[in-house]
Amino acid sequence: AMAAERGVAMATCTAPVNIAVIKYWGKRDTDLILPINSSLSVTLHQDQLKTTTTAAASRDFTEDRLWLNGKEADVGHPRVQACLREVRRLARKRRGGGEDTAALSLSYKIHIASENNFPTAAGLASSAAGYACLVSALARLYGLEEELSEVARRGSGSACRSMFGGFVQWQRGERPDGTDSLALQVAPETHWPELRVLVLVVSGEKKPVGSTAGMQTSVETSPLLKHRAEAVVPERLSQMMRHIQERDFEGFGQLAMRDSNQFHATCLDTFPPIFYLTDLSRQIIALAHRYNAHHGHTKVAYTFDAGPNAVIFALADTVAEFVEVVRRSFPPATNGDQFVRGLPVGSAVLSQELVAAVVTEPVPGAVQYILHTKPGPGPQLVDDPSQHLLGADGLP
């Protein structure tokens, strides 16, 4: 990881996006980012969605600097600072206070460059991947090996879940200092090889209400959210872990849909109410239910985060048919060459019964594109120096 040129030390990592199937919404401590309930997510494969971050340190740097997707950004952001501070604190603790001359000086200024291989605005958890990646790269730079999900949590709550691959639980924890609020892998990405994910991107617009502000308004005003956190989630969490362990798609899918719906119900129960789902989101929900009803069991399952894009879970043998159903329901505006992205999707012929029962009134151009992906691993170290986002001078 060390590049000797001009005394610039450098490390580059990639980190994944994750999608919660038991939702996190609401903090009990806004500074430490401690949640009111535990949550559970699926880490998505980095071939389709990832953040890459390079962190560099040098005695020649005069100030900390940050670049996001090629543009300089505010390195003074409190959450970026919290991650920097925590990683440096762990590094100091690890060295037992004494300055190890071989190790990188903690007083050196740092340059960070980060970029996503997907549009940030697409409403795909970029903060989770971003902070997981930042913490992984900084940890690598300072030679840290330990549990880092707690540090990533200080950047963005959901980022702690992106520190692992596969199926991940963020434990609520009990302690006021947050030391037991961390992520644990429930099962690796290899556990359920047939599971696939379709992201239906309906809009690249910014959310009406950011998650940070939205969830605190919910905590302050929604009695339903309180009931959810205390009475509903604990039971759902253990059920969901069991469905995953047993690779029970019927159980997994139904519970994912119910939990997404309840999360959005708590948004409606917030005062003033928050609307993340659009008419189009609701049409996709209805389409999924018609499709499942036609087949007589749960073949696709939707979940929505704080935005209108649908994330659909399905088993591999369902993907081609359902993608064709989506294509018929929301015919691409252009000739559709890039309508389906990511993993290849086979072609499917739909029966007339299926079309009649499931495809009601087509809405052309409503879905911008579909991203086909699957569960994947946690943060990865990039060994190839040509992949660094900063040059030997520490600049992009």
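**Entry 1: Arg-328 and its partner**

I started with Arg-328, which counts as partly exposed at 36% relative accessibility. I was working on a predicted model, so every value here is computed from that prediction. Which residue does Arg-328 meet in a salt bridge? I found Glu-324, with 3.3 Å from N to O. Glu-324 is buried, and its relative accessible area is 18%. I noted that this value falls under the 20% cut-off, so the label "buried" applies. Both residues sit in helix α8, which covers residues 316–329. They are about one helical turn from each other because they are four residues apart in that helix.

**Entry 2: the pair in helix α7**

Next I looked up Arg-282. I saw that Arg-282 forms a salt bridge with Asp-279, and the closest N and O atoms are 3.2 Å apart. Where do these two residues lie? Both belong to helix α7, residues 279–295, and they are three residues apart, about one turn of the helix. I then checked accessibility for each of them. Asp-279 is exposed, with a relative accessible area of 54%, whereas Arg-282 counts as partly exposed at 44%.

I moved on to Asp-259 and Arg-228. Their side chains meet in a salt bridge, with 2.8 Å from N to O. Asp-259 lies in helix α6 (residues 249–269) and Arg-228 in helix α5 (residues 223–245), so this pair ties together parts that are 31 residues apart in sequence. Are these residues buried or exposed? I found Asp-259 buried, at a relative accessible area of 0%. Arg-228 is buried as well, at 1%. A reminder to myself: side chains of opposite charge can pair when their charged atoms come close.

**Entry 3: the whole structure**

How many salt bridges does a search of the whole structure find? I got 13. I also wrote down a network of salt bridges that links Glu-86, Arg-89 and Arg-154.

**Entry 4: a look at Val-8**

Last, I turned to Val-8. I located this residue in strand β1, which covers residues 8–16. Val-8 is buried, with a relative accessible area of 4%. I also took the C-alpha to C-alpha separation between Val-8 and His-372: the two are 39 Å apart in space and 364 residues apart in sequence.

Key:
Residues are numbered from 1 along each chain as its sequence is written. This is a predicted model: local features need pLDDT of at least 70, side-chain atom pairs count only at pLDDT 80 or more; totals for chains, interfaces and linings use all residues. Side-chain values use heavy atoms; hydrogens and water are left out. A salt bridge is a side-chain nitrogen of Lys or Arg within 4 Å of a carboxyl oxygen of Asp or Glu. Buried means under 20% relative accessible area, exposed over 50%, partly exposed in between (1.4 Å probe, protein chains only).
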